[in-house]
Amino acid sequence: MDREAYLQRWSALHGGTHANALVRGWLSGAHVLARPLAAAGTAPWVVTLVGAALAVAAAALAVAGGRGGAAAVGAGVLLAAAGVFDNLDGAVAVMTGRTSRRGALLDAVVDRIGDGACAVVLWGCGAPAWLVLVAGGLAQLQEYVRARAQGLGVDDVTVVSVAERPVRLALAASCAIATAIVVWLDWATLGAGVWAVLGLIGIVQVTGAVVRRL
């Protein structure tokens with residue numbers, strides 16, 4: 001399956017959602033990396049669980065290692081790898097024609113675990129617990145609104161907010177690594193704050209789209 005066919009199939013599976021430039025770039029990268037896995041016949045659920053394990057490992061490392069240092073770098077790298085696998089499972093499923101409702105459910109559950117891991121990594125790297133809870137809570141609320149709308153029959157929530165999972169993963173991973181490089185700036189708190197602001201904008205975008213469709 002070539003890139004354009006994959007992007008079209010992704011859009012169809014997400015209710016006709018139009019991917020912006022950022023999402024298209026993310027999906028294009030996943031397409032390249034997923035091709036060898038699809039060719040090898042790798043089951044999508046295996047890829048999903050690997051991503052979950054990497055996210056949990058990142059959170060554990062950040063908490064155990066404390067603020068900054070090698071642990072923060074390791075946590076950021078693990079989160080970045082988890083983000084790659086998070087997108088590869090869907091790409092493998094689409095490219096091998098093995099999409100299923102069970103796989104979609106597993107992916108949704110693992111995505112929420114991944115969001116929690118991002119929040120824990122920022123907390124482990126020094127962000128205040130209250131700010132991390134606000135940022136993580138907004139992410140969960142955005143995804144709940146989207147999922148609830150789909151449960152009510154709105155199958156085309158065609159908005160890509162400013163606070164989608166690639167953004168959340170990129171913020172947490174990059175800020176974790178930055179805490180060990182530029183020690184005079186509180187990158188974890190900055191990352192959690194930016195996440196919270198974007199999350200607030202994102203929930204408004206998604207809720208507005210859902211209300212219009214309802």
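User: Which residues have the most contacts inside the largest nonpolar core?

Analyst: A nonpolar core is a set of buried Ala, Val, Leu, Ile, Met, Phe, Trp, Tyr and Cys residues joined through side-chain atoms within 4.5 Å. Buried means under 20% relative accessible area, exposed over 50%, partly exposed in between (1.4 Å probe, protein chains only). Here the largest core has 31 residues, and Leu-79, Val-121, Leu-122 and Trp-195 have the most contacts inside it. Among the elements giving it two or more residues are helix H3 (44–65), helix H5 (101–124) and helix H8 (187–213). H7 gives the most, with 7 residues. Helices are DSSP runs (H or I, at least four residues), numbered from the N terminus.

This is a predicted model: local features need pLDDT of at least 70, side-chain atom pairs count only at pLDDT 80 or more, and totals for chains, interfaces and linings use all residues. Residues are numbered from 1 along each chain as its sequence is written, and side-chain values use heavy atoms, with hydrogens and water left out.

User: What does Leu-122 touch?

Analyst: Contact means heavy atoms within 4.5 Å. Leaving out residues up to four places away in sequence, Leu-122 touches residues including Val-132, Cys-175 and Trp-195.

User: How many disulfides are there?

Analyst: A disulfide is a covalent bond between the sulfur atoms of two cysteines. The cut-off is a pair of cysteine sulfur atoms within 2.5 Å, and the count here is 0.
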